[in-house]
Amino acid sequence: MTRGWRVVAMLWSGALAAGAFTAHASEPAAPAPADNCDFKLECQLGAHAFSVGFDSESGECVEDDMRAFVETSGGKVELPLEKAWYRSISNLADGESICHLTGARGPDSAVSAFAVDEHRALVFFTQDGRPGYDSVGVVLIDTATGKVLDVKQRLGQSKDSMVAILKTPRGYKLQLVRESLSVVRCDCSAAFADDWMSIEVVNGRIRARWMR
């Protein structure tokens, strides 16, 4: 008799648990919070501290309404970029980063922002290119004054969200899409050929060129 009651109790408990699970699963899920697109890069080049901020007017990434600003002790200057959805690029390679994401800690907080000399810096970023690949851009900044010296908004597209920017004797290089292969019959990355692009600062301007 005792054994029989134990079996009944076990079955009853299982039914209650299943009912509780079903009731819980049928409850509407809480709405996910809107993506916070805004981010800021805190930077230091020698004695010059500055920041580069990207702010969304709506607070929603998909609105493509982010604007960018350089801020120094002397004031705030807007970058001459079209409104879009921007992201920072982690520093994955051998360049020495001078900026990190505000609020982040550790090596993963370093971004692809590099010194050109004692008072000029190159800061790289990506621009959302949905439904296609994202574009990579770069800005040249006078870190003493916050003045924007030059901008290349679209150097080219990257097939990977992780972009490795490597140091060269005269600047930096990265792989971007150079050619669309019409003979490749698929909607896939194989239809796009990468090549190395060189980024240098020449006569105060950004020079971008394919390396071969």
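Cys 186 and Cys 188 form a disulfide, with their sulfur atoms 1.7 Å apart. Keep in mind that this is a predicted model. How exposed are the two partners? Cys 186 is partly exposed, at a relative accessible area of 34%. Cys 188 also counts as partly exposed, at 25% relative accessibility.

Now the other disulfides. The structure holds 3 of them. Counting bonded cysteines along the chain, the pattern reads 1-3, 2-4, 5-6.

Take Cys 37 and Cys 61. A disulfide joins them, S to S 2.3 Å. Cys 37 sits in the loop between helix 1 (2-26) and strand 1, and Cys 61 in the loop between strand 2 and strand 3, so the pair ties together parts that are 24 residues apart in sequence. Buried or exposed? Cys 37 is buried, and Cys 61 is buried too.

Next, Cys 43 and Cys 99. Their sulfur atoms are 2.0 Å apart, and they form a disulfide. This pair links distant parts of the chain: Cys 43 belongs to strand 1, Cys 99 to strand 6 (residues 99-101), and 56 residues separate them. Which hand does the disulfide have? The torsion about the S-S bond of Cys 43 and Cys 99 is about 110°, so the disulfide is right-handed. Both ends are covered: Cys 43 is buried, and so is Cys 99.

On to the strands. The protein chain has 14 of them, plus 1 helix. Strand 1 (residues 39-45) and strand 2 (residues 48-56) run antiparallel, joined by 7 bridges. Within that pairing, Leu 41 stands opposite Val 52 of strand 2. The hairpin of strand 1 and strand 2 has 2 residues between the strands, and there Gly 46 takes a positive phi near 60°.

Strand 2 has another partner to mention. It is joined to strand 3 (residues 66-72) by 6 bridges, again antiparallel. Here Ser 51 stands opposite Glu 71 of strand 3.

One more glycine. Gly 75 lies in strand 4 (residues 75-78). Its relative accessible area is 30%, so Gly 75 is partly exposed.

Last, the whole chain. Of its 212 residues, 35% count as buried. The protein chain exposes about 12600 Å², and carbon and sulfur atoms supply 54% of that. Among contacts between residues at least 6 apart in sequence, 42% join residues at least 24 apart.

Methods. Residues numbered from 1 in each chain as written. Predicted model: local features only at pLDDT ≥ 70, side-chain atom pairs only at ≥ 80, totals over all residues. Heavy atoms only, no water. Helix = DSSP H or I, 4+ residues; strand = E, 2+ residues; numbered from the N terminus. Buried < 20%, exposed > 50% of the residue type's maximum accessible area, 1.4 Å probe, protein only. Contact = heavy atoms within 4.5 Å. Areas by Shrake-Rupley, 256 points an atom, 1.4 Å probe, with all protein chains shown as cover. Pairing = 2+ DSSP bridges. Disulfide = S-S within 2.5 Å.
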